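Please read each group of points with the sequence and the coordinates at hand.

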Amino acid sequence: MASSKEMLWRTRLWLRPRRPPTAGVPAKNLGLRKAHSGVSTPGSTSPGALNIFDRDLKRKQKNWAARQPEPMKFDYLKEEVGSRIADRVYDIARDFPLALNVGCGRGYIAQHLNKIHYVLKPDGVFIGSMFGGDTLYELRCSLQLAETEREGGFSPHVSPFTAVNDLGHLLGKAGFNTLTVDTDEIQVNYPGMFELMEDLQGMGESNCAWNRKALLHRDTMLAAAAVYGEMYRNEDGSVPATYQIYYMIGWKYHDSQARPAERGSATMSFGELGKINNLTSLRKKSK
């Protein structure tokens, strides 16, 4: 698995690219912002699956974000991730006459992967991305510490994310092969915690888990902002927010693709390979 760590500045017009020719975040989106348990539901498309998100609430959050006067100013993260996906497309030494942009999903990852695999032609490739488990760890830690200190316990205030080891299983179960999963970390700097939360709301990415707490007390929020600044503040006074991004690539089977040999078809054991290494070492010493 490859890993890299980048920084996007919401308070400065500066971006260090991961690798050329990845496009940077447009400067118009980087200006200084002005200072803000799972249960199964009747509408679930998978009766046997655990549904941890209130999908009606998520739809309302997305609709509210889309109705804002300038919704595009919150697209800086989506545009950066999109450019990195395009970078991975260029890494594939193949020409595809037709491509389909399926857009952003709203959960039900397994079902969507099944549909994508169904519409792909044989030897077609799927490239996607999603938030990883370490996303917004600074915000989660600050809220947990502040809520524990002020209220004697804490509730999750950031939606849970998929673990990287689950992605391979989901892709394989959907029928994809020759899988690749890698991760990036994009770090965005904000004037403060409240500006970060305002941007998350503008993206339509507020928490929608069923076990969320409906309200945080004002004192707890102020304490969390203080903890955030004390633990993570940059030298220029801004605070970082880390977005971990998982990138996944999977192919639809075709007879022309390379595939592993059948079990038991090997003509040499690992023990014999060890003997070859020993013989090679002896020959080198004799010379």
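In this predicted model, aspartate 123 counts as buried because its relative accessibility is 16%, under the 20% limit. Its salt-bridge partner is arginine 94, with 2.9 Å from N to O, and arginine 94 counts as partly exposed at 36% relative accessibility.

**Salt bridge of aspartate 123 and arginine 94**

- The side chains of aspartate 123 and arginine 94 meet in this salt bridge, and since aspartate 123 belongs to the loop between α3 (109-119) and β2 (125-131) while arginine 94 belongs to the loop between α2 and α3, the pair ties together parts that are 29 residues apart in sequence.
- The structure holds seven salt bridges, and the pair of aspartate 123 and arginine 94 is one that meets the salt-bridge criterion.

**Salt bridges of arginine 88**

- Arginine 88 and aspartate 182 meet through their side chains in a salt bridge, at 2.6 Å from N to O; because arginine 88 lies in helix α2 (residues 76-91) and aspartate 182 in strand β3 (residues 177-190), the pair ties together parts that are 94 residues apart in sequence.
- Both arginine 88 and aspartate 182 are buried, and for arginine 88 the relative accessible area is 6%.
- Arginine 88 also forms a salt bridge with aspartate 184, where the closest N and O atoms are 3.6 Å apart, and this pair links distant parts of the chain, with arginine 88 in helix α2 and aspartate 184 in strand β3, 96 residues apart.
- Aspartate 184 counts as buried, with a relative accessibility of 2%.
- A network of salt bridges links Glu80, Arg84, Arg88, Asp182 and Asp184.

**Aromatic pairs**

- The count comes to five aromatic pairs, and among them is the pair of phenylalanine 96 and tryptophan 251, which is tilted because the planes of the rings stand at 45 degrees, with the ring centres 6.3 Å apart.
- Phenylalanine 96 is in the loop between α2 and α3 and tryptophan 251 is in strand β4 (residues 239-251), so that the pair links distant parts of the chain, 155 residues apart.
- Phenylalanine 96 counts as partly exposed at 35% relative accessibility, whereas tryptophan 251 is buried, with a relative accessible area of 14%.
- Tyrosine 228 and tyrosine 232 form an edge-to-face aromatic pair, at 5.7 Å centre to centre and with 75 degrees between the planes.
- Because tyrosine 228 and tyrosine 232 are four residues apart in helix α7, about one helical turn separates them.
- Tyrosine 228 counts as buried at 1% relative accessibility, and tyrosine 232 counts as buried at 18%.
- Tyr137, Tyr228 and Tyr232 form one aromatic cluster.

**Packing of helices α6 and α7**

- Helix α6 (residues 193-203) and helix α7 (residues 218-232) have axes that come within 9 Å and cross at roughly 110 degrees, which means that α6 is roughly perpendicular to α7.
- On the side of α6 the contact is made by Met193, Phe194, Leu196 and Met197, and on the side of α7 by Met221, Leu222, Ala224, Ala225 and Tyr228.
- By class, the contact of α6 with α7 has nine nonpolar residues, no polar and no charged ones.
- Tyr228 of α7 takes part in this contact, and Tyr228 also belongs to the aromatic cluster with Tyr137 and Tyr232.

How values were computed. Residues numbered from 1 in each chain as written. Predicted model: local features only at pLDDT ≥ 70, side-chain atom pairs only at ≥ 80, totals over all residues. Heavy atoms only, no water. Axes fitted to C-alpha atoms, helices over the stretch in contact; angles between N-to-C directions. Helix = DSSP H or I, 4+ residues; strand = E, 2+ residues; numbered from the N terminus. Parallel < 35°, antiparallel > 145°, perpendicular 65-115°, else oblique. Contact = heavy atoms within 4.5 Å. Nonpolar A, V, L, I, M, F, W, Y, C, P; charged D, E, K, R; others polar. Salt bridge = Lys/Arg side-chain N within 4 Å of Asp/Glu carboxyl O. Buried < 20%, exposed > 50% of the residue type's maximum accessible area, 1.4 Å probe, protein only. Phe/Tyr/Trp six-rings, centres within 6.5 Å; stacked < 30°, edge-to-face > 60°.
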